[in-house]
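Me: I have a model open and would like to go through it with you. Can we take it one question at a time?
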Amino acid sequence: MDPVQKPLLRALAGEAVWPPPFWLMRQAGRYLPEYRQLRAQAGDFISLCNNPPLAAEVTLQPLRRFGMDGAILFSDILMVPWALGQGLRYAEGEGPLLEPVRDAEAFARLDPSMLRGKIASIIETVSRVSAGLAAEAPKAALIGFAGSPFTVACYMVEGKGGGEFAHARRMAYGDPVLFGKLIRLLVDATVEYLLAQADAGAEALMLFDSWAGLLPPNQFRRWSIEPSAAIVRAIRKVRPDIPLIGFPRLAGPLLPEYAARVGVGTVAMDTGMDPRWAVANVPPGITLQGNLDPQVVVAGGEAMEAEARALLAAMRGRPFVFNLGHGIVPPTPPEHVGALARIIRMG
């Protein structure tokens, strides 16, 4: 299918497609029984991310069930620090655990020359998904992604997820030279990683700045907006037409400034964002994506339908991609996702 005719790409290009295209953050994962079966075959999570046949299959599973307009690569934002040589493992019930980077010695152990070789299996997954979509879901577009430098740095410095990332935020204040070096390294690595995904068949690219909302305004501008803008400029030099989505979670009233200064064509709204405020304040040339509460999809029923219809009503006439305000959660009944898809398709 001509990429120009794909509903998701049309919306990302600024067209008010209706009914709107949709996909769901973390749409491939633990809420699906078919995912859990494959996960058991793969062993640990990193092995699954680096197993192209299995990772491609996981990426395609939700499209077979629900007919999303977008497939997002099954991987993880911490594959970049892993590819730079930082120790990483996923502990059951604890999430990611990394060897913390909190001083110059730890920073010096990161090796950008390793990146290309270590991401090779992930890039193969992109190629496999691209071929799979062409055969199975030609109207769906493939989204590649990476974490934004600040969010990835949070995990790298803290050594784990969750909490307030106090070590990372203190480093940004107390040792901005070292923190800046880490951010610049991540800018360069992220550009290389995203361009490799585009070369392998990704038709749009998304930056997840999941922890940007921890920053006060001036720090948000320095550590979220500026590095993300640097990534966008570098990608635009090579791929001027590829759609770019930014997700500065919990940006609040800084969302319009993020959209304008970073240079993405689409901004994703988190669960706490009033979509009517976003429509009124984000420039009309910017596509909006989001922002149904993942927990209402767990609840389902009348509550989910009412919230989904309110979001659709707020977005009618606006370039819009229906999504969640954060990732889908494991307790979500798959039948609720199917019901949501039917509501969206009715517009």
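Predicted model: local features only at pLDDT ≥ 70, side-chain atom pairs only at ≥ 80, totals over all residues.

Me: Is Lys 6 buried or exposed?
Reply: Lys 6 sits in the segment before helix H1 (7–12); helices here are DSSP runs (H or I, at least four residues) and strands are runs of E with at least two, numbered from the N terminus. Its relative accessibility is 8%. Lys 6 therefore counts as buried.

Me: Which residue's backbone oxygen does the side chain of Lys 6 reach?
Reply: The distance is 3.1 Å. A polar contact is a pair of N or O atoms within 3.5 Å; within protein, one must be able to donate a hydrogen and the other to accept it, and residues adjacent in sequence count only if both atoms are side-chain atoms. The backbone oxygen that the Lys 6 side chain reaches belongs to Ala 140.

Me: How many residues of E4 are buried?
Reply: Ala 141, Ile 143, Phe 145 and Gly 147 point one way from E4, and Leu 142, Gly 144 and Ala 146 point the other way. In a regular strand, side chains alternate between the two faces of the sheet. The buried count for E4 is seven of its seven residues.

Me: Which residue in E5 stands opposite Phe 145?
Reply: Strands E4 (141–147) and E5 (204–209) run parallel and are joined by five bridges; two strands pair if DSSP finds at least two bridges between them. Gly 144 has Leu 205 as its bridge partner in E5. Opposite Phe 145 stands Met 206.

Me: Which strands stand at the edges of the sheet?
Reply: The open sheet has seven strands in parallel pairing, in the order E1-E4-E5-E6-E7-E8-E9. Each edge strand has a single partner strand, so one side of it is left without a neighbour in the sheet. Those strands are E1 (70–72) and E9 (320–324).

Me: Are H8 and H11 roughly parallel or roughly antiparallel?
Reply: H8 (120–136) and H11 (176–200) pack at about 30 degrees, with their axes 8 Å apart. Axes are lines fitted to C-alpha atoms, for helices over the stretch in contact, and angles run from 0 to 180 degrees between N-to-C directions. Angles under 35 degrees count as roughly parallel, over 145 as roughly antiparallel, 65 to 115 as roughly perpendicular and the rest as oblique. H8 and H11 are therefore roughly parallel.

Note on methods. Residues numbered from 1 in each chain as written. Heavy atoms only, no water. Buried < 20%, exposed > 50% of the residue type's maximum accessible area, 1.4 Å probe, protein only.
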